[in-house]
Amino acid sequence: MRQSALTTSILFFLFVSCGESPKKDKDKVEENIAKTDTVPQIQIDATATEEEEEEPFKLTEENAIDFFFDYEKNLKKDKVKITTTMGSFTVQLYDDVPYHKANFIYLARQKYFDSTQFHRVVKDFIIQGGNSDDRKTARKRSRIGRYLLPPDAKKGHKHHRETISMPSSERDNPHKLASPYEFFIVVTNPGSYHLDGSYTPFGRVIEGMDVVDAINNVPVGDGDWPWQNIYILKAEVL
């Protein structure tokens, strides 16, 4: 069952690049979205060779775009199967939204999404995943890095039903840069087109939309968080 509201609030404050959630009401969308001394060297012997310990790679604001530009060049796969505690569904990612596609596949291969939750469910609107009130999620974000992605909302993709899209960061963000760790799926029929231009659609559900709809129908509490936690067990690149 979900943790206390206080624990959740504290942990969310610690998260990196938490996402600004899309709003169901168009007027509220327009109103709310805008918004590391010197260390002495020790010589063991005359022939000893010093080996610097290599720091683990982390994504940053400075290197993320170049990294995903190169990463996407070698991608031959464009589908991700997401298995949840309520069943599985598969998304196909758009080739012409390269940074968002590469980011989603990279995070899936890093097993970031495993054990995260669908933490926001708004009936007849969206389900939103990729976050959690578990400290493991914050640690995974810290290991992978702190970065945002530029919006890419001018490729003609709209927020039709079945669309997977990426929320904006809640940080000072006049350019609506995307929060890379979270995603939402539109369940509105035929779509939620007031989101177009504010968020970046980067794929669509091609199998298992019935599972998405089932998640969208669970009872929720404050903040649209489901009363019974819905976990992503694994995300597999197909």
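Q: How many salt bridges does the structure hold?
A: This predicted model holds 9 salt bridges.

Q: What makes the contact between the side chains of Arg120 and Asp224 a salt bridge?
A: The N to O distance for Arg120 and Asp224 is 3.6 Å, and a side-chain nitrogen of Arg within 4 Å of a carboxyl oxygen of Asp meets the criterion, so the pair counts as a salt bridge. This pair links distant parts of the chain, with Arg120 in strand E4 and Asp224 in the loop between helix H6 and strand E10, 104 residues apart.

Q: Why is Arg120 called buried?
A: Its relative accessible area is 11%, and buried means under 20%, so Arg120 falls in that class. Asp224, at 26% relative accessibility, counts as partly exposed, because that class lies between the cut-offs of 20% and 50%.

Q: Why does the pair of Lys234 and Glu236 count as a salt bridge?
A: Their side chains meet at 3.9 Å, N to O, and the limit is 4 Å, so the pair qualifies. Lys234 is partly exposed with a relative accessible area of 39%, and Glu236 is partly exposed at 29%.

Q: How do you know that the buried residues of helix H5 lie on the same side?
A: In H5, Thr137, Lys140, Arg141 and Ile144 are buried. They cover an arc of only 100° around the axis, which puts them on the same side of H5. On the other side of H5, Arg135 and Arg139 are exposed, while the buried residues pack against helix H4 and strand E5.

Key:
Residues are numbered from 1 along each chain as its sequence is written. This is a predicted model: local features need pLDDT of at least 70, side-chain atom pairs count only at pLDDT 80 or more; totals for chains, interfaces and linings use all residues. Side-chain values use heavy atoms; hydrogens and water are left out. Buried means under 20% relative accessible area, exposed over 50%, partly exposed in between (1.4 Å probe, protein chains only). Helices (H or I, at least four residues) and strands (E, at least two) are DSSP runs, numbered from the N terminus. The arc is that of the directions from the helix axis to the C-beta atoms. Contact means heavy atoms within 4.5 Å.
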